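Keep the viewer open and try each task before reading on.

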Amino acid sequence: MKPIRKILFLAAVAVAVSSMVPAGAVYSQAADEPGARGAADTDREKALIHKERGDDFRVRNDIGGAAGEYGKALSLYRGFPREDRFMMARYLSWAGRLDEAIRELREILSEDPGNAAARTHLARCLAWNGKLRESLEESSAVLAASPDDKDALLARASALKWSGNSNAAVSIYKGILSKGEDFDTRLGLSQAWLSDGFTRGARQGAALLKPEFPYQEKERGGLDNEIRKATRPGVAAGYSRYDDSDDNRVDRYTLSGDFWTGNWKWGAGYLHVEAADPSRDVETDELSLSAQSMVTERIAVGGFAGLNRASGGNPRTFAIGGANAEARLFDGRIGAGVARRSFADTAVLIANRIRFTEAAAHFEHPLPYRSTFRAGVTRRGYSNENRSIDLQGFLRHTFDMKNPQLAAGYRIRYLDFRKDSGGLYFDPNSYVSHRAEASIGWEAGRAYGYLVPFFGYQSYDRRGVTTNGTFGGAEGALGVNVTDSFAVELHGEGSDEAGVTASGFRYRQFGARVRWRL
């Protein structure tokens, strides 16, 4: 072959081979090997190559690949048109690279503060990243200029829902839907109802979803899976050992199961207790059936009924039961309930067949910036002709962190009994406690856990003796989701806070439980 023919032949082969190599691979080689192409010797040129490769992944709907290249491009060069940087920031966020997306969106807004689309997406990213307070601030800025901006309203609804103010989120979703059907809004409303336990509403919302795009098909499938997961039948079993500074020892064995029919969740539970102190050994068994439902999106009702049988020289069986209701009022909740129960806390309480009837009410309302206030009152009447009133107020703040989750709270409690029970249970006069607590919860793969240390100050009168002083304690759990259906958990707690247990002594309790979702 003559030289000129050989050159033409090799050129033709090179063109043919290059046409068989994916464009992204060519870009990648050029970008990662600066010397391979003269045009890629500067950061700008390398960034352009990464951008082109990201576009190639984007056309093929490969969000992860596109985000990887866009991240490299933005790290090398910031001179891209603002529209391109916004597009790249969105792909970074969709791939879960939220810190990079937030940083780029803030850069865009520093140059163009009136960019509503960038500010709205920043609100979304902040919410996805657990920074709910900042997210609400960004959506408020957009809505101040454009109160009907649907995207900003949806971003705000998501942040409100995840911050615990689901009533406000549902109100926003309904306001948007009153102007016309919208897939994303209907999806958000259905998810909010599902997280509130209003499964009938979630199912009805899912039936109204009409996907038009592939991502909407995926979102609709995700909602169906969430509904199935939330309504699967379940079985749980557990054991715990309790002992205190008055030589009480209690072993508890539990077995329970639940299932759904329509909008109702039904349950059955069995409790076996073996209790001992220096004077006696007794046992008690309790079997109960329960039902609960969100009958409307704002009203939940529930109840239980069962039998309790205590062993000893004269075994007796008692009926137990109760009913409760809770309504969503404005952005908060108000509830009340009555119940008849038997003590199964210590051997002396079981042996003396002490029972009580209680009537309780509570009020809970979200406060700005992920804070919640709750107040409650409980009145009890005891089978040994005693009475008590228990008042509690609780303020809790959850910090803007996704994993781990951090929260802090303060609780004040007042407990007062009409008369001395003769040493059967903790029956103080004018018991007051101030308790501060912190909590941390985390997830790592299939493992999860939480820890709640607390301390405080308490004072009370009992049998003519005034007691006051500090207390402390902690409770926590560590678990593993072995599969999507089976979980194992260890738990423990201990404290010298007098009002926590029926005995009023320093105590500790450890145990384990397993849960299986069918």
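**Exercise 1.** How many aromatic pairs does the structure hold?

*Solution.* This is a predicted model, and it holds 17 aromatic pairs. Let us take one of them apart. The ring centres of Phe343 and Tyr382 are 6.2 Å apart and the planes meet at 10°; planes under 30 degrees apart count as stacked, so this pair is stacked.

Phe343 sits in the loop between β7 (332-342) and α14 (347-351), while Tyr382 belongs to strand β9 (residues 371-382), so the pair ties together parts that are 39 residues apart in sequence.

Now check the burial of each partner, for which the cut-off is under 20% relative accessible area. Phe343 has 13% relative accessibility and counts as buried. Tyr382 has 7% and counts as buried too.

Finally, look around the pair. Ring pairs join Phe343 and Tyr382 with Phe356, Phe417 and Tyr425 in a cluster.

**Exercise 2.** Is Thr185 buried or exposed, and which residues is Thr185 in contact with, leaving aside its neighbours within four places in sequence?

*Solution.* First, the element: Thr185 is part of helix α11 (residues 183-196). Its relative accessible area is 0%, so Thr185 is buried. Leaving aside neighbours within four places in sequence, the contacts of Thr185 are Lys150, Leu154, Tyr173, Ile176 and Leu177.

Asp148 lies in the loop between α8 (132-145) and α9 (150-162). At 59% relative accessibility, Asp148 counts as exposed. With neighbours within four places set aside, Asp148 is in contact with Leu153 and Lys179. The C-alpha atoms of Asp148 and Asp251 are 59 Å apart, and the two residues are 103 apart along the chain.

**Exercise 3.** Describe the whole chain, from its elements to its charges.

*Solution.* Start with secondary structure: the protein chain has 14 helices and 16 strands.

Move on to dimensions. The radius of gyration is 31 Å, whereas a compact globule of 518 residues would have one near 24 Å. Along its principal axes, the C-alpha trace spans about 115 × 55 × 45 Å.

Then turn to packing and surface. Buried residues make up 41% of the 518 residues. Of the contacts between residues at least 6 apart in sequence, 48% join residues at least 24 apart. The accessible surface comes to about 26800 Å², and carbon and sulfur atoms hold 56% of that area.

The chain has 70 positive and 66 negative charges, and the mean positions of the two sets are 3 Å apart.

Definitions and conventions. Residues numbered from 1 in each chain as written. Predicted model: local features only at pLDDT ≥ 70, side-chain atom pairs only at ≥ 80, totals over all residues. Heavy atoms only, no water. Helix = DSSP H or I, 4+ residues; strand = E, 2+ residues; numbered from the N terminus. Rg over C-alpha atoms; globule rule 2.2 N^0.38 Å. Buried < 20%, exposed > 50% of the residue type's maximum accessible area, 1.4 Å probe, protein only. Contact = heavy atoms within 4.5 Å. Areas by Shrake-Rupley, 256 points an atom, 1.4 Å probe, with all protein chains shown as cover. Lys, Arg positive; Asp, Glu negative; His and termini not counted. Charge placed at Lys NZ, Arg CZ, Asp CG, Glu CD. Phe/Tyr/Trp six-rings, centres within 6.5 Å; stacked < 30°, edge-to-face > 60°.
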